[in-house]
Amino acid sequence: MKYETNSKKIHEGQIFVAISGNTVDGHNYIMEAIKNGAKEIIAEKEVEASVPVKIVPDTEEYLKERLIEEYSENLKDLKLIGVTGTNGKTTTCYLVFQMLNKLGLKTAYIGTIGYGVNETLTELSNTTPDILTLYNLLFDAKEKGCQAVVMEVSSHALSFNRIAGLEFEIGAFTNLTEDHLDFYKNMTNYLNAKLEFLDYIKPNGKFVVNSDDEYAHFFIEKGKEKIITLGTKGQSDNRISAIEMHPNYTDFKLNDEEMTINLISRFNVYNYVMAFTIVKNLGFKENDIICLSKEIHPPKGRCETYKVKNGFAVVDYAHTPDAVDKVISAYRSLATSKIITIVGCGGDRDPLKRPIMGHIASEKSDYVIFSNDNPRTEEPEKIMEDILKGVEKNNYEVVLDRHEAIKKALDKIEENDIVLILGKGHEDYQILGREKIHFDDSEKIQNYCEELKKTF
């Protein structure tokens, strides 16, 4: 790729495109780019430079147009699979990723938990990366022999044209619940952003829709003949029934076929069936996919379960009201004893969901410890104040230090209790102010269990 927007990554002979971002202005790094080998600069204003400078009205738009014009054609032989929706994108994509590779179609994954062509993933800064990073990843996947790429398509990716120039073989919609309203202001705008994904599906492509979701009809109406549905209601193309959950697996029926999967909860049945439907519509036989059901597993930080003392601890990425509701409800149906929940809300993000999440956690759990998620540059006390506005029960405490909160919750475990540690899932860091420190919820549980062993 001859274009680069990060002055530190410039190689000899590349073109540096100075992007005026929200927090960093690339024009301030032009000298560094030249020093590192840039042969030309694309800028929005006059700058002094020892290499040619091209002035354009909008460097981001210029880059997008050049990438589409010069590179998109070379990606058309990759089968692109995309999943959009508020919750379930990561798990669905990760299941598709595993299924296709096990079925012999070499596939890469791009999404919340990173990028990779095997199960060792490299961290990414966004669910769907910026357009330049995305194009680079797609070319990397192609060079490594991948025939397909499955990726999460976020609403922000659609709003900021991060997938411009790409055509998808098959797309999917999981669900739509309240999130990102700090940016979209209302659910209509949020929905419209998601609906744009249908414009990127090939003319002969398919689009899978969870028809049980209240917003499904918008996708069905727009997608028309491209649509394939799944759900428990009505005349779905792939009908789900007889869901029976267990502590470490789930039974259900898919079109009257009995299935068992190594995933827990009702919402993961939807994720699995969506993955199944995507893979089936890429030309694979139902029986071959069903045979894989017991081999595939959820990604790190999605209902990741540990035996702790005489109970369980679960790490999950649930960080929206709907996801928190569904996770607690799923384990409530399995619990024979108490549900203890640790949850918080990220700073510099949608404040409207905070009291809703506080209310759900308190109402659905026996006990809640509200703690820091990634407070970023917001005061943790302010975030907590917002969360507690929705709490009506007196079954909680606030422990801002997440390490202490986890220890306190695990100390409370008695026979068959379940501790749910929500919000960060796969993340192995915590953002305090502008500092990123190492912090892994799963690691904290494992360390706790190791310390317990030493005391006996």
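**Close-up views of a predicted model**

**View 1. D411 and K407 meet in a salt bridge, 3.0 Å from N to O.** A salt bridge here is a side-chain nitrogen of Lys or Arg within 4 Å of a carboxyl oxygen of Asp or Glu. Both residues lie in helix α14, four residues apart, about one turn of the helix. Helices (H or I, at least four residues) and strands (E, at least two) are DSSP runs, numbered from the N terminus. D411 counts as partly exposed at 41% relative accessibility. Buried means under 20% relative accessible area, exposed over 50%, partly exposed in between (1.4 Å probe, protein chains only). This is a predicted model: local features need pLDDT of at least 70, side-chain atom pairs count only at pLDDT 80 or more, and totals for chains, interfaces and linings use all residues. Residues are numbered from 1 along each chain as its sequence is written, and side-chain values use heavy atoms, with hydrogens and water left out.

**View 2. D441 and R402 form a salt bridge of 2.9 Å, N to O.** The pair links distant parts of the chain: D441 sits in helix α15 and R402 in helix α14, 39 residues apart. D441 is buried at 0% relative accessibility. R402 is buried at 1%.

**View 3. K64 forms a salt bridge with E61.** Their closest N and O atoms are 3.1 Å apart. Both lie in helix α2, three residues apart. K64 is buried, with a relative accessible area of 15%, whereas E61 is partly exposed at 31%.

**View 4. A network of salt bridges links R354, E378, K382, D386 and K389.** By the same rule, the count comes to 32 salt bridges.
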